[in-house]
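Me: I have a structure open and some questions about it. Can we go through it bit by bit?

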Amino acid sequence: MKRAIYPGTFDPITFGHIDILRKATGIFDEVIVAVAETTGKNTFLSLEEREEICRQAVSDLKHVRVERFSGLVVDFAKKVEADVMIRGLRAVSDFEYELSLALMNRNLSPDIETMFLLPDHKYLYLSSSMVRQVILLGGNLSEYVPKNVEAILIEKFKKKFKE
């Protein structure tokens with residue numbers, strides 16, 4: 001069985017992430033969405049929220065499951081017996097960062113390969129941080145995230161601004 005992981009913060013998961021997952025399911029027998037506990041970023045959503053919205057967003061995808069992890073992503077890949085790590089590339093600006101991650105991961109664990117996939121052209125500009133900015137400014141998210149994600153973000157922003 002060929003298994004891959006798709007690690008990330010997913011703060012929140014977007015249609016771009018889901019597009020990458022759809023592509024990966026055509027290549028691998030199983031893909032694990034690996035939701036990072038520690039990311040070095042200040043996340044808007046809690047780990048539990050990120051894990052749950054990912055689970056809901058990919059519920060219609062066969063051979064995809066969601067798991068959280070902490071520590072090194074290569075250690076998680078070994079734990080779940082994945083030989084490949086999926087990463088999405090949107091633009092040239094992503095490449096340098098993603099390449100440095102891939103090289104570090106290869107240095108840490110040479111037996112785990114990184115595979116870069118490109119999202120559909122309509123998602124090349126889309127990022128989780130842009131989605132958070134759009135909701136902050138009161139914009140419509142329906143073209144960028146699944147309905148469940150949009151509902152959670154709207155509710156979370158309402159609570160944040162009431163405090």
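**Rings, sheet and core**

Reply: Phe-116 is partly exposed, because its relative accessibility is 28%; buried means under 20% relative accessible area, exposed over 50%, and partly exposed in between, with a 1.4 Å probe and protein chains only. This is a predicted model, in which local features need pLDDT of at least 70, side-chain atom pairs count only at pLDDT 80 or more, and totals for chains, interfaces and linings use all residues. Residues are numbered from 1 along each chain as its sequence is written, and side-chain values use heavy atoms, with hydrogens and water left out.

Me: Which ring does Phe-116 form an aromatic pair with?

Reply: Phe-95, in a tilted pair with 6.5 Å centre to centre and 55° between the planes. Rings of Phe, Tyr and Trp (its six-membered ring) pair if their centres lie within 6.5 Å; planes under 30 degrees apart count as stacked, over 60 as edge-to-face and the rest as tilted. Phe-95 lies in helix 4 (residues 92-108) and Phe-116 in strand 5, so the pair ties together parts that are 21 residues apart in sequence. Helices (H or I, at least four residues) and strands (E, at least two) are DSSP runs, numbered from the N terminus.

Me: Is Phe-95 buried or partly exposed?

Reply: Partly exposed, at 40% relative accessibility.

Me: Back to strand 5. What else is in there?

Reply: Strand 5 covers residues 113-117, and Thr-114 is in it. Thr-114 counts as buried because its relative accessibility is 14%. Leaving out residues up to four places away in sequence, Thr-114 touches Met-85, Arg-87 and Ala-102, where contact means heavy atoms within 4.5 Å.

Me: What order do the strands have in the sheet?

Reply: The order is 3-2-1-4-5, in an open sheet of 5 strands with parallel pairing. Two strands pair if DSSP finds at least two bridges between them.

Me: Which strands stand at the edges?

Reply: Strand 3 (64-69) and strand 5; each has a single partner strand, so one side of each is left without a neighbour in the sheet. Strand 3 pairs with strand 2 (residues 30-36) over 6 bridges, in the parallel sense. Within these strands, Val-33 is opposite Val-66.

Me: New topic. How many residues has the largest nonpolar core?

Reply: It has 35 residues, and Val-33 is one of those with the most contacts inside it, as is Leu-153. A nonpolar core is a set of buried Ala, Val, Leu, Ile, Met, Phe, Trp, Tyr and Cys residues joined through side-chain atoms within 4.5 Å.

Me: And what does Leu-153 touch?

Reply: Among its contacts beyond four places in sequence are Pro-12, Phe-44 and Val-131.
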